[in-house]
Amino acid sequence: MAGNKTFTMIKPDAVADGNTGAIIKMIEEAGFRIVAMKKTRLTEERAGQFYEVHKERGFYQDLVRYMSSGAIVPMILEKENAVADFRKLIGATNPANAEEGTIRKKFAKSIEANAIHGSDSDENAEIEGNFFFSRVEKF
Ligand code: ATP
Ligand code: MG
């Protein structure tokens, strides 16, 4: 059965451009509840750990530099079918291929600076949420 939680982070380009609020509005309007949220910044080492699955890829060094270049806003989100529905809301990795009405279509600048992350499985949502939040308050 699909889980009801996913993990996201608003990436440095979108935070620096002042799009945090507009992106959170789209997330809430799509029916996601914010379970945990903060503003923080990754060191290169931590960004490298987060994207370790991509370490053999040609874009890895650039990705690590970009993801540690400024503030980010990580969040744990809750909704039925959260992982798949959220991937749909953010749109394709490359904004050139992202559908109308998606967050990346609206805010991403390039395949790298693509405004937002979304977990790709329930298992990774759990791992990534724990990467940023050691304790989640119950509201
Ligand atoms: P994310 O994991 O951030 O939600 P994604 O699952 O859509 O994105 P991945 O294939 O996991 O895409 O790639 C992780 C991130 O690495 C992308 O979001 C993007 O920032 C960067 N990236 C992916 N492919 C490329 C590429 N070809 N060139 C440059 N950067 C890339
Ligand atoms: Mg991914």
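R87 sits in helix α5, which runs over residues 82-90 (helices are DSSP runs of H or I with at least four residues, strands are runs of E with at least two, and both are numbered from the N terminus). This is a predicted model, where local features need pLDDT of at least 70, side-chain atom pairs count only at pLDDT 80 or more, and totals for chains, interfaces and linings use all residues. Residues are numbered from 1 along each chain as written, chains are lettered from A and ligands numbered from 1 in the order in which they are written, and side-chain values use heavy atoms, with hydrogens and water left out.

- R87 counts as partly exposed because its relative accessibility is 35% (buried is under 20% relative accessible area, exposed is over 50%, partly exposed is in between, with a 1.4 Å probe and protein chains only).
- Setting aside residues up to four places away in sequence, R87 touches G118, S119 and D120 (contact means heavy atoms within 4.5 Å).
- F86 is also in helix α5, and it is buried, with a relative accessible area of 0%.
- Beyond four places in sequence, the contacts of F86 include T8, H117 and G118.
- F86 and T8 are 78 residues apart in sequence, yet their C-alpha atoms are 8.7 Å apart in space.

- H117 belongs to strand β4, residues 116-118.
- With a relative accessible area of 9%, H117 is buried.

**Ligand 1**
- Of the 13 residues around ligand 1, the ones that come nearest are K11, Y51, T93, E112 and N114 (near means a heavy atom within 4 Å).
- A polar side-chain atom of H117 is 2.9 Å from an oxygen atom of ligand 1, and an N or O atom in the side chain of H54 is 2.9 Å from a ligand oxygen atom.
- On its own, ligand 1 has 580 Å² of accessible area, and the protein covers 80% of that (Shrake-Rupley method, 1.4 Å probe).

- F59 is in the loop between α3 (44-50) and α4 (60-67), and is partly exposed at 36% relative accessible area.

Technical notes: A polar contact is a pair of N or O atoms within 3.5 Å; within protein, one must be able to donate a hydrogen and the other to accept it, and residues adjacent in sequence count only if both atoms are side-chain atoms.
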